[in-house]
Amino acid sequence: MIAELGLALLWMAAALACLSLVAGTLFLRGGSKDLAALVRPASVAQGVLTTAAFGLLIALFARSDMSVELVARNSNSLKPMIFKIAGTWGNHEGSMLLWLMILSLSGGLIAIFEKRLREDTLIATLAAQAALSLGFFAFLLFSSNPFKRLPVAPPDGQGLNPLLQDIGLAFHPPTLYVGYVGLSVAFSFAVGALITREIGPAFARAMRPWVLGSWIFLTLGITAGSYWAYYELGWGGWWFWDPVENVSLVPWLAGAALLHSVAVTATRNALRAWTVMLAVIGFSMSMVGTFIVRSGLLTSVHSFAVDPERGTFLLVLMAIYIGGALTLFALRAGSVAEGKKFALLSREGSLVINNLLLTTILALVLLGTLYPIVAEAMGEKISVGPPYYNKVAGPLALILCLVMVAGPLLSWRKDDGKRLWSRLPLAIFAGAAVLFALILFGGKVGVLPLLGMTVAGIVAVASLAPLWGRNLRRTPLPTWGMVVAHFGVAVCLAGMGAESAFIKERLVAAAPGDDIRIGDFSVKFVGVKPVAGPNYTAIEGALVATTSSGSRFTMKPEARTFPGLMGTAPTETNEAALLTRPGGQLYAVLGQPVTSDDGRADRYQIRLWWKPLVWWIWLGGALIAIGAALSMLGRAQLLAIWRARRAGKLQERFAP
Amino acid sequence: MKAKHQRLILALVALGGVAGAGVLAASALRDEAAYFRTPVEVQGGKAGVGEAMRLGGMVAKGSIVRQADGLTIRFVATDGKAAVPVEYKGIVPDLFGEESGMVADGRMRADGVFVADRILAKHDERYMPPQMGEMPKNMKAPAAT
């Protein structure tokens, strides 16, 4: 019954989306106020019903109900409970339902909490959100029904791709999806504001927490995904410029541009058309990403289904939404009144350059991702790899970081160059110190890592500059947020530079008792032993790493074998062992046994990496997310309300 | 500076930036994009020695041979019509095996051996890289039902 109930809830939610759209449209065309009154409750109910439907799908996975096709194909009764639940979104249909749930929930949340916008703009926004969800309801119900029953239930399920059986998977996709779909709210706000022509600070302030919120999730999702790829794939890399990584980076770049331009619109009422345009681009990029990943155009672990019908469906949806929004923009752009003016050398000016650079990087990454698909359509098979991206995105990102040094130090409207220079010496000194140290003691370092670490030094110091001479307790939260996020960029950049400049790698066939030297470590290979997990068996290696100061650490990389379930072939995975030290990480992978000439398999392939400061990359990512969260807290005015209440209470207490 | 001039300068800067980015992208794509070749194309002489490329094919049955150093493997990549010997030093990915699909990044050596820097295996037996769709059916690994 659970599956049938879930399906029924989805149909009801779709009907509510339809109601919101129709009632909202009629109201905006001059209909009565009664119509508008329907839209808010309908949006809330749609969010609740879709969430309930997703909950029911989780219940089906948790109970291992093999009569449901999706569960039978993607789960197995032997799996640990956490992976049964995570399996709900580890497949095409389930992840689309998750997408839809977030889309509907966002609509419901706007309906409940948004009080600052004009009523008609709010109704237009909710109608736009309903239109978005309606398309994805159609996609789910007509081509990807997650609740479909099998005529005959199999005794057990086929399991989940073992690579995906990892705690990282339990959180990575939902995090990224919240970010992706959160941008839909910015999209709907932009469409709503275009329809009612209310584009100004109020609209920007309403949109800002949503942009910040989804960007926080995107940042966390990308950071976690990078760490997942790093330790789970066993290749030792943290970013591969894989198309699937790129399509998560592209909305992140759009979001980064948007949250800076929305700041200008909210504070200075400038860059209005540009902010609207970026809001449209942001969610469009989310949809392009989903389309590329889900349509089977790419070779990737994320391509759940190669189904041309689904690909076409998504393509049509995307064309309607993006095309519609851009047409609306083209019709109304002329009537978007010119914003407030500003000089080139000003906070606004630096944010314009920030936006241009971010969108250029976005375009170049998108180009590299799409180029092989276009080339293939024309009969050439081409792959675009890291050399392209490093060449185009690297230098632009460094220039962007330099703009980031200056931007926060400039004042709004206009500033003069001398004042800017007077605030920079310490930062420039820090950069110069890093540069000289690297040239003198760093040995041979590539140009990009060298510049990266230098710029990181400059940014690290300059990012703290907005706090100089301030009373730290009275510094507003958004300023703290900016400082923390920009400092995070410096940390991340330093990690990337140090890792690529000073990485050390050893690949050996070692017998038990062998010592392997790498960096400052001496690693002794002790031996291997078989171990058994809940649904796999493994060979576990034991390595003892000794540092130059004499500390010893045991590392246990595993080579796991998952038995084939229901007639599928067995699968093997590598579990890398990581040793985190203040100066970086030691990374060990156990490979295959090596048969000697006399037929004895006594040696094992072992690959070791010493990765200096590599964990700074993810620390930086986390700092960026924390910074954005502080900024959002400040903007959401929650703290201000709390403070005001506390102050009020104090007054009561001390009142005579 | 008048607002008009300022807008003009901004527009010019943006235009210059876009043009510069376009040139950068075009040159980087020309230099760095690698062709995806199948064994039959390699044997047809389409791949120049030393040119970065990506080779896709199935690992031929019984062809994986481990070298004495315990680290280097040799195998034959095939598409059912032609075969190319491949050499790779390193730990092969988890899902790499005989009679299953693989994609290798690397270059052709003058002696006709493809030297791989990195090997990617197909991630899942339910999933076949689209580039391998043109291979004869009997070359595919048994698909899950």
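The following dialogue works through a predicted model, setting its values against the definitions behind the terms.

Student: What makes A:Leu16 buried rather than exposed?

Tutor: Count the neighbours. A:Leu16 has 27 other C-beta atoms within 10 Å. The cut-off for buried is 20 or more. Therefore A:Leu16 is buried.

Student: Where does A:Leu16 sit, and which residues does it touch?

Tutor: A:Leu16 belongs to helix α1 (residues 2-28) of chain A. Beyond four places in sequence, A:Leu16 touches A:Ala42, A:Ala45, A:Gln46 and A:Leu49.

Student: Why is A:Thr537 called partly exposed?

Tutor: A:Thr537 has 15 C-beta neighbours inside 10 Å. Buried takes 20 or more, and exposed takes 12 or fewer. The value falls in between, so A:Thr537 is partly exposed.

Student: What surrounds A:Thr537?

Tutor: A:Thr537 lies in strand β5 (residues 537-546) of chain A. Setting aside neighbours within four places in sequence, its contacts are A:Pro530, A:Ala532 and A:Thr561. A:Ser383 is 154 residues away from A:Thr537 in sequence and 36 Å away in space, C-alpha to C-alpha.

Student: How do you know that chain A agrees with a compact globule?

Tutor: For 656 residues, a compact globule would have a value near 26 Å. Chain A has 27 Å, so the two agree. The C-alpha trace spans about 90 × 75 × 75 Å along its principal axes. Of the residues in chain A, 53% count as buried.

Student: What secondary structure does each chain have?

Tutor: Chain A has 19 helices and 11 strands. Chain B has two helices and seven strands. Along the sequence, chain B reads α-β-α-β-β-β-β-β-β.

Student: How do you know that helix α16 of chain A has the expected span?

Tutor: Helix α16 (residues 447-464) has 18 residues. At 1.5 Å a residue, the expected span is 26 Å. From first C-alpha to last, the helix reaches 26 Å, which is close to that expectation. Of its 18 residues, 14 are buried, and α16(A) is mostly covered.

Student: What makes a strand of chain A and a strand of chain B a pair?

Tutor: Pairing takes at least two bridges. Strand β1 (residues 382-383) of chain A and strand β1 (residues 34-37) of chain B have two bridges, in the antiparallel sense. So the two strands pair. One bridge joins A:Ser383 to B:Ala34. β1(B) also pairs with strand β2 (residues 53-59) of chain B, in the parallel sense over three bridges. There, B:Tyr35 stands opposite B:Met53.

Student: Why are β2 and β9 of chain A called edge strands?

Tutor: The open sheet runs β2-β11-β10-β9 in chain A, with antiparallel pairing. Strands β2 (504-510) and β9 (577-581) each pair on one side only, and they are the edge strands. The twist averages 15° from one strand to the next. Strands β10 (residues 584-594) and β11 (residues 603-612) of chain A pair over nine bridges. A:Pro593 faces A:Tyr604 in β11(A).

Student: What makes a set of residues a nonpolar core?

Tutor: Members must be buried, nonpolar and joined through C-beta atoms within 7 Å. The largest core holds 206 residues. Among those touching the most other members are A:Ala186, A:Met207 and A:Ala279. Helix α8 (residues 201-232) of chain A gives the largest share, 16 residues. A:Met207 is in contact with A:Ala186, A:Phe189, A:Val262 and A:Ala279, leaving aside neighbours within four places in sequence. Another core, of 28 residues, lies apart from the largest one. Its members include A:Ala510, A:Leu543, A:Leu608 and B:Ile91.

Notes
Residues numbered from 1 in each chain as written. Chains lettered and ligands numbered in written order. Predicted model: local features only at pLDDT ≥ 70, side-chain atom pairs only at ≥ 80, totals over all residues. Helix = DSSP H or I, 4+ residues; strand = E, 2+ residues; numbered from the N terminus. Rg over C-alpha atoms; globule rule 2.2 N^0.38 Å. Contact = placed C-beta atoms within 7 Å. Expected span 1.5 Å × (residues − 1). Axes fitted to C-alpha atoms, helices over the stretch in contact; angles between N-to-C directions.
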